[in-house]
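My notes follow in the order I took them.

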Amino acid sequence: MDEMDIKILRLLQQDCTRPVADIGKEVGLSTTPCWRRVQKLEESGVIQRRVAILDAQQVNAGVTIFVSIKTDKHSLAWLEKFHSVVADFPEVVEFYRMSGEIDYLLRVAVPDIAAYDAFYKKLIARIDIAKVSSAFAMEQIKYTTALPLQFAIPAGTTKHERAEA
């Protein structure tokens, strides 16, 4: 990955529907070399997929709840079952195993408190959890799916080394 790839990725993170010719023009490449770079980024897994980002309010999923989970079960069997159970819930839009005081953090998107209560009851009916704590987001201050790209090229590498990578 080099600086040109970073420029392309920045533009794609803003709008992945832009024509490759427009992206190439903005970064200083003709269409074919730009398309080859995009294909290479997809093949290498840097670009995992292209998606539409929806307005949560307009699809009636505008209430965000951060769910902290502690467990006293630390067997592989429980972990696999828990992962499988959580993966079955479309309301769970993010799911992390954590270090520190809590074991797991979920971000849940639902239309209202009643929908969250229904989700919670289904979750605890399917898996034994020691402690669940929910925090409702009052206001979304910042939300982005764009990753910071200043870390993509290790500091101290030369342009030649980056081009070979």
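**Strand pairing.** I started with β2 and strand β3 (residues 104–110), which pair in the antiparallel sense over 5 bridges. I count two strands as paired if DSSP finds at least two bridges between them. Helices (H or I, at least four residues) and strands (E, at least two) are DSSP runs, numbered from the N terminus. The model is predicted: local features need pLDDT of at least 70, side-chain atom pairs count only at pLDDT 80 or more, and totals for chains, interfaces and linings use all residues. Residues are numbered from 1 along each chain as its sequence is written, and side-chain values use heavy atoms, with hydrogens and water left out.

I then went through the bridge partners. F95 has L106 in β3 as its partner. R97 stands opposite Y104 in β3. β2 and β3 form a hairpin, with 6 residues between them. In that turn I noted G100, with a positive phi of about 95°.

T64 has A109 in β3 as its bridge partner. S68 has L105 in β3 as its partner, and S133 in β4 as another. β1 and β4 run antiparallel and are joined by 6 bridges.

**Whole sheet.** In what order do the 4 strands lie? I read β2-β3-β1-β4, an open sheet with antiparallel pairing. The edge strands are β2 (92–97) and β4 (131–136), and each pairs on one side only. Neighbouring strands are turned by 20° against each other on average, direction ignored. For such angles, axes are lines fitted to C-alpha atoms, for helices over the stretch in contact, and angles run from 0 to 180 degrees between N-to-C directions.

Why is β3 largely enclosed by the rest of the structure? I found 6 of its 7 residues buried, so the strand is largely enclosed. Buried means under 20% relative accessible area, exposed over 50%, partly exposed in between (1.4 Å probe, protein chains only).

I looked up the largest pocket next. Its volume is about 1600 Å³. Of its 43 lining residues, the closest to the centre are V51, I53, Y143, T144 and T145. The elements that give two or more residues to the lining are α1 (3–14), β1, β2 and β3. The largest share, 4 residues, comes from α1.

I noted the rules used. On a 1 Å grid over the protein atoms alone, a pocket is an open set of points with protein on both sides within 12 Å along at least five of seven lines, whereas in a cavity a 1.4 Å probe fits but cannot get out; lining residues have an atom within 4 Å of a point. Grid points are joined across faces, edges and corners, and the volume is the space filled by probe spheres set on the points.

By class, the lining has 25 nonpolar, 9 polar and 9 charged residues. Ala, Val, Leu, Ile, Met, Phe, Trp, Tyr, Cys and Pro count as nonpolar, Asp, Glu, Lys and Arg as charged, and the others, Gly among them, as polar.

**Cysteines.** How many disulfides does the model have? I get 0, with a disulfide taken as a pair of cysteine sulfur atoms within 2.5 Å. The sulfur of C16 is 14 Å from the closest cysteine sulfur, in C34, too far for a bond. C34 counts as buried because its relative accessibility is 0%.

**Helix residues.** I checked L9, which is found in helix α1. L9 is buried, with a relative accessible area of 8%. L9 and L147 are 138 residues apart in sequence, and 9.6 Å apart in space, C-alpha to C-alpha.

G24 lies in helix α2 (residues 20–27). G24 is also buried, at a relative accessible area of 0%. From G24 to R37 I noted 13 residues in sequence and 10.0 Å in space, C-alpha to C-alpha.

**A loop residue.** Is N60 buried or exposed? N60 is exposed, with a relative accessible area of 51%. Its place is in the loop between α3 (31–43) and β1. N60 has a positive phi of about 60° although it is not a glycine.
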